[in-house]
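Biologist: Can you walk me through the charged side chains in this one? I am new to it.

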Amino acid sequence: MTTRTVLVARMDSMGDVLLSGPAVRAVARSADRVVVLAGPQGEAAARLLPGVDGVLTWCAPWISPQPPRVEREDVEELMAAITATGADEAVVLTSFHQSPLPLALLLRMAGVGRISAISDDYPGSLLDVRHRVPRGMPEAERALSLAGAAGFPPGPEDTGRLDLRRPLPDTRALVGTGTYTVVHVGADAPARELPDALGTDVVAELGARGHRVVVTGTDRAKAGEVGGEHGLNLAGRTTTAELADVLRRARVVTAGNTGPAHLAAAVGTPVVSLFSPVVPASAWAPYGVAHRLLGAQDAPCAGTRARRCPVPGHPCLNDVTAGQVLAAIDELGEAS
């Protein structure tokens with residue numbers, strides 16, 4: 001009997017990969033083996049998704065914000081790795097502004113027989129299933145819609161929410177006991193991160209109220225400045241799986257539009273989302289979990305996909321007050 005191996009590609013960041021989780025589970029329900037092709041920033045998240053049997057990692061020059069040079073040897077190594085998986089099919093997951101066709105060409109050259117993707121561009125012979133969806137739909141539902149069109153519907157009991165493999169590492173030695181709130185600093189794109197001054201004010205006020213605060217991120221110096229004397233600085237001290245457990249134990253997470261906001265959603269923790277409208281909140285807000293969206297969604301930067309705010313003063317987020325954030329934290333904390 002031939003083993004049916006399906007390759008699922010999602011080649012950008014942590015949050016993008018986490019939002020593909022429901023689609024991956026749908027594929028895994030019918031496939032004998034699922035291999036995820038991820039970018040370097042999404043690899044760790046891919047390894048946490050239920051239903052994943054293997055992960056390939058490759059930095060796609062047409063997707064990465066710091067794209068590498070196109071080198072023939074590098075491309076040939078990727079095709080060899082894809083061929084070695086024995087994949088019979090591929091489901092190529094992309095955002096609305098990304099094209100699946102460069103990867104579809106490489107998949108064809110690597111011998112993958114059936115390829116499905118969402119594509120507005122004419123795909124010629126590169127796609128067997130060319131799916132169309134409306135703009136702005138939630139990213140998790142967009143991916144799940146493609147999986148269904150490719151012949152991989154979700155299970156009848158699958159809620160479609162984000163999820164991770166369990167058990168997660170126990171991080172109580174890091175965070176201690178008792179309740180706490182997480183404030184996450186930083187993001188891959190500066191336009192989408194929690195403003196440092198706002199984070200500092202929120203942490204200080206939470207500390208003055210007697211709340212424990214854990215500050216997460218990758219920049220330890222920045223997290224230390226935001227946390228001050230009130231925040232436990234865990235920036236750079238956790239793996240992705242450990243960070244997931246830190247977020248799972250929190251009563252509320254406050255973050256910009258960045259991967260850890262989706263990681264919090266995947267473990268069921270409410271999120272106060274400081275959301276810059278450079279990308280649509282309808283697609284990228286924390287999915288399937290209680291959340292409060294803060295930030296002017298009609299700001300001039302809306303829809304620009306800018307990595308750095310093109311509007312002087314970054315008003316969409318800098319106009320949010322600490323009082324608004326604290327009110328949202330209180331509301332979500334009481335409901336959780």
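Biologist: Is Glu331 buried, exposed or partly exposed?
Modeller: Glu331 is partly exposed, at 40% relative accessibility; buried means under 20% relative accessible area, exposed over 50%, and partly exposed in between, with a 1.4 Å probe and protein chains only. This is a predicted model, where local features need pLDDT of at least 70, side-chain atom pairs count only at pLDDT 80 or more, and totals for chains, interfaces and linings use all residues. Residues are numbered from 1 along each chain as its sequence is written, and side-chain values use heavy atoms, with hydrogens and water left out.

Biologist: Which side chain does Glu331 meet in a salt bridge?
Modeller: That of Arg292, at 2.9 Å from N to O. A salt bridge is a side-chain nitrogen of Lys or Arg within 4 Å of a carboxyl oxygen of Asp or Glu. Arg292 is partly exposed, with a relative accessible area of 30%.

Biologist: What does the pair tie together?
Modeller: Arg292 lies in strand E12 (residues 291-294) and Glu331 in helix H14 (residues 322-335), so the pair ties together parts 39 residues apart in sequence. Helices (H or I, at least four residues) and strands (E, at least two) are DSSP runs, numbered from the N terminus.

Biologist: Which residues are joined into one network?
Modeller: Asp170, Arg172, Asp245, Arg248 and Arg249, through salt bridges that share partners.

Biologist: How many salt bridges does the count come to?
Modeller: 19 salt bridges.

Biologist: Are Arg10 and Asp16 buried or exposed?
Modeller: Both are buried, and their side chains form a salt bridge at 3.6 Å, N to O.

Biologist: And what does Glu71 pair with?
Modeller: Arg69, with the closest N and O atoms 3.4 Å apart. Arg69 is exposed at 65% relative accessibility, while Glu71 is partly exposed at 39%.
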